[in-house]
Amino acid sequence: MIKRLFLISGITLAAVLMTGCATGPKYAEVAQSIPTLKAEQGRIYFLRSSSIVGAAVQPEIRLNNDVVGKSQPGGFFYVDRPAGQYIAATSTETEKTLSFSLDVGEVKYVRTSPSFGLLVGRMVPTLESAEVAQKELPGLSYTGAQSAGK
Amino acid sequence: MKKKWLFLLAGTLVALSILAGCATPINAQRVEFTPYGKGAAVQQVRMLHTVDVMLDSRYRRQIQQNSLWRLRGVVPQGSVYSAENAVFTIEGRQVHEAYLVLSGTALVGFYLPGEFNFSPLSVPLSLTFESEQHD
């Protein structure tokens with residue numbers, strides 16, 4: 001019985017790990033090809049730490065209702081947008097949102113973190129300081145849909 | 001017997017609510033924001049003490065000693081200051097980027113720049129800070 005429990009736990013853990021972490025190129029590999037910001041635009045980085053807690057929960061991230069990417073453990077991507085008001089949102093069993101403003105030439109960092117939910121985890125978007133985000137980015141993998149060079 | 005079942009049901013509902021993290025949404029209202037003049041001297045305040053802010057949503061925030069806040073404009077409730085080289089958010093059911101709204105030395109609430117809303121504090125909080133000005 002205990003043997004079977006270990007087996008099930010092992011399979012579950014392996015499944016979580018396999019579905020888990022982002023697999024794109026590391027930040028250092030794409031940093032050179034990240035373009036400079038166009039006039040009238042700001043940049044929003046989305047990042048998620050590589051913790052396996054809640055790793056199976058990987059919802060899409062919407063920015064003002066447009067899907068811009070996915071929240072994946074150990075992943076990051078960015079989008080450039082005109083200055084203005086934005087709502088970043090993730091949906092699992094419930095919607096969690098972050099509202100913020102973006103100025104011209106400004107770079108904002110949005111972290112998504114899993115939290116407990118009723119049935120499945122929730123993914124909470126929140127602002128991260130540039131200092132903390134820039135320290136963490138080198139350890140993350142690029143998961144943007146478009147090439148960083150575009 | 002009936003009472004027992006009612007208690008069980010109530011307990012289950014409370015537990016489910018806690019698990020589901022049923023935070024209350026923050027209280028916010030639309031407000032007219034007048035930005036501080038572009039090109040004008042930078043006006044900042046530096047906090048002299050760390051202050052804990054208990055939001056009505058029961059979330060807690062901290063305004064750190066020595067943190068710098070830059071004047072961004074005014075709303076009818078007071079002057080609006082954003083965190084300099086840092087981020088500041090308030091949280092209820094959702095998360096909102098927030099600027100401090102100061103009336104004199106009192107923190108009276110928060111301006112939410114992503115929504116053009118003002119979220120009042122039910123009890124204003126006295127802050128101790130010094131003003132700085134840079135060209």
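Strand 8 of chain B and strand 9 of chain B, the latter covering residues 95-97, pair in the antiparallel sense over 3 bridges, where pairing requires that DSSP find at least two bridges between two strands and strands are DSSP runs (E, at least two residues; helices are H or I, at least four) numbered from the N terminus. Within this pair, Glu91(B) has Val95(B) of strand 9 as its bridge partner. The model is predicted, so that local features need pLDDT of at least 70 and side-chain atom pairs count only at pLDDT 80 or more, while totals for chains, interfaces and linings use all residues. Residues are numbered from 1 along each chain as its sequence is written, and chains are lettered from A and ligands numbered from 1 in the order in which they are written.

**Strand 10 of chain B and its partners**

- Strand 10 of chain B (residues 99-103) is mostly covered, with 4 of its 5 residues buried, that is, having 20 or more other C-beta atoms within 10 Å of their own, against 12 or fewer for exposed and in between for partly exposed, with C-beta atoms placed from the backbone.
- Strand 7 of chain B (residues 78-83) pairs with strand 10 of chain B in the antiparallel sense over 3 bridges, and Val80(B) stands opposite Val101(B).
- Strand 10 of chain B is also joined by 5 bridges to strand 11 of chain B (residues 106-112), and the two run antiparallel, with Ser103(B) opposite Ala106(B).
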